Amino acid sequence: MDFFTITANELTAVWLSVKVALLCSVLSLPLAVAAGWLLARRQFKGKIFINGIIHLPLVIPPVTIGFLLLMIFGVNGWLGQWLYSFFGIRIAFTFVAAVMAAMVVSFPLVVRSVKVAFEMIDPHYEEASRTLGAGPWSTFFRVSFPLAYPGILSGFILAFARSLGEFGATIVFAGNIQGITQTLPLAIYCFMEIPGQELAAVRLVLFSIVISLAAMAGSEWLNLKITQK
């Protein structure tokens, strides 16, 4: 087979990866912004514990995360059993499970980026806004959010890039189902295991590198545009 001949299965894996990564980034962002702002701007009891829980996926194996998700949302899991029995909703080993696995694994990276962005904002700007009569929501959307936007954008891109490379949690919780949950890393793994499919694995590796580089380059370009305004 020619190196440049891309099969339908390979294109499906690429498309699924991009779709999972985009959905993960978009769905994670609002909660990550809220969590990042809370950790950066508020002091409350249990803050260290909450911060540790949020960042736990950074230090525990992704396979462990997948197993925990399976225990919670699997058909026989704590919550999944109830969802399946009463509503017929099955989450494990579906496309939704792939998105959820990517969200859990990448979420700490987004929160960390957003938290640092808010911490770098001089609180006097927010105080001046409130002094001029702006409410909390108005201050956040007119002052805090625009100033933290580069960091928020970086978090979005980090979530996208991390989701593209997600393997451990996905294969345990979502499985490796061709056309449904088989993303780029899973497809690469499969092709590596099949004699004679090394070229397909290399093609997908190159796809993942190009997509990730394009995402990072786009992030840098947007950051430059923002800082030049």
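**Close-up 1. Buried residues of helix H2 in the predicted model**. Helix H2 covers residues 47-55, and Lys47, Ile54 and His55 are buried in this helix. Seen down the axis of H2, the buried residues fall within an arc of 90°, so they line one face of the helix. These buried residues pack against H1 and against helix H5, which is formed by residues 95-119.

**Close-up 2. Helix H1 and its kink at Leu29**. Helix H1 runs through residues 8-41 and has 34 residues. From its first C-alpha to its last, H1 reaches 49 Å, close to the 50 Å expected at 1.5 Å a residue. The helix has a kink of about 40° at Leu29.

**Close-up 3. Ser129 in helix H6**. Helix H6 is made of residues 123-131, and Ser129 is found in it. Is Ser129 buried or exposed? Its relative accessible area is 12%, and buried means under 20%, so Ser129 is buried. Leaving aside neighbours within four places in sequence, Ser129 is in contact with Ala134, Thr139 and Val143.

**Close-up 4. Phe93 in the loop between H4 and H5**. Helix H4 is formed by residues 80-87, and Phe93 lies in the loop between H4 and H5. Phe93 is not a glycine, yet its phi is positive, at about 65°. The relative accessibility of Phe93 is 35%, so this residue counts as partly exposed, a class that lies between under 20% for buried and over 50% for exposed.

How values were computed. Residues are numbered from 1 along each chain as its sequence is written. This is a predicted model: local features need pLDDT of at least 70, side-chain atom pairs count only at pLDDT 80 or more; totals for chains, interfaces and linings use all residues. Side-chain values use heavy atoms; hydrogens and water are left out. Helices (H or I, at least four residues) and strands (E, at least two) are DSSP runs, numbered from the N terminus. The expected span of a helix is 1.5 Å times one less than its number of residues. The bend at a residue is the angle between axes fitted to the seven residues ending there and the seven starting there. Buried means under 20% relative accessible area, exposed over 50%, partly exposed in between (1.4 Å probe, protein chains only). The arc is that of the directions from the helix axis to the C-beta atoms. Contact means heavy atoms within 4.5 Å.
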